[in-house]
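Trainee: I'd like to learn how to read the disulfides in a model. Could we go through them together?

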Amino acid sequence: LSGLDPAQPYFQDTPIEVRLDASDAEFVDVIHTDIAPTIPYLGFGISTAIGHLDFYPNGGEEMPGCDKNAISEIVDIDGIWEGTTNFVACNHLRSYKYYADSIIYPDGFLGYACDSYDVFETESCFPCPEEGCPNMGHFADKFKSQIKNDTLKLYLNTAESKDFPLWRYKVTVTLSGKKKVRGYVNIALYGSGGNTRQHQIFQGTLQPDNTYTSLIDAEINVGTLTKVKFLWNNNWLNPTLPKLGAATVTVQSGE
C-alpha cells in the first residue's frame, strides 16, 4: 500500500482501525507533503509516521514551487482547473506528482534515514548506509527485504517543478592561492549521465589552504564523474587581481 499524503483532519492520532497503518498490508510506504497543522496552516496531511517507510520530502511541510502568488498559480500552464487546485492544495497534491515522476526515474528520490529534516540538512545522514537507501514512490518496495519492525523516517529534497527528483552529492574543495578574499565558490559536475548547473559550495571569506564542504542536490544523476568545473568570484571589484585555485576537489555520491 502506498499512502499519498494521507489525510490529517479526523485521522491524526486516531486508532489504527480508523487510519492507514503499517499493519494494513505486508508493505506500507507513505509520502508526507502537507504535514503543517490544519489550524492555522491548513495542512491536509497526517504528520505521524504510520507505515514501514515514511518519506518526508523537503521536511514534509512546505514543498518547493508551492509559494507562487495566486494569479501565477491559478493561470497555470496546465490550465485554470489545474492551477486553481494547485493554489488551494499545492503541498497536498505534490504527493501524487512525486509518485508519478518516480515511475519515470527508478533511480531517483533516494530517502535518507534521519531523526529529523534539520539533521538531514547536515552531513550526519550522508551517504546511504551499507544496505542502501529506499527510493520514494513506485519503487519503494525494492527495499522491502531490508525492513525491520520499526518505522523508518526518511528525508530528501525535490525540485520546484517537474522533473522533481534530485540527486545528492557531498562536495569538498580545498583552496590554493596566496591571500584571502571575500567571494563565493561554485562547482559544476560532469559525468556519463550528463552535466549539472553551477552549485554554490561556499560564500564568505575564501582562505587559501582552507577546506569547504557542502551538500548539493543536483538536478541529474551524473553517473560516473568525468570532470569538475571550479569557479570562484569576488563580491566586489578588487584592483589587486587576486588569484585562487582548487588544490583538491572531492565528490561523493549519496549512493
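Trainee: How many disulfides does the structure hold?

Mentor: Start with the criterion: a disulfide is a pair of cysteine sulfur atoms within 2.5 Å. Here the structure holds 3 of them. Do keep in mind that this is a predicted model, where local features need pLDDT of at least 70, side-chain atom pairs count only at pLDDT 80 or more, and totals for chains, interfaces and linings use all residues. Residues are numbered from 1 along each chain as its sequence is written, and side-chain values use heavy atoms, without hydrogens and water.

Trainee: Which pattern do the disulfides follow?

Mentor: Counting bonded cysteines along the chain, the pattern is 1-2, 3-4, 5-6.

Trainee: What does the disulfide of Cys66 join, and which hand does the link have?

Mentor: Cys66 is joined to Cys90, with S to S at 2.0 Å. The angle about the S-S bond is -75°, and the link is left-handed. This pair links distant parts of the chain, 24 residues apart: Cys66 sits in the loop between β3 (53-57) and α2 (70-74), and Cys90 in helix α3 (residues 80-104). Helices (H or I, at least four residues) and strands (E, at least two) are DSSP runs, numbered from the N terminus.

Trainee: Is Cys90 buried or exposed?

Mentor: Buried means under 20% relative accessible area, exposed over 50%, and partly exposed in between (1.4 Å probe, protein chains only). Cys90 has 6% relative accessibility, so it counts as buried.

Trainee: Which hand does the disulfide of Cys128 and Cys133 have?

Mentor: That link is left-handed, with -120° about the S-S bond.
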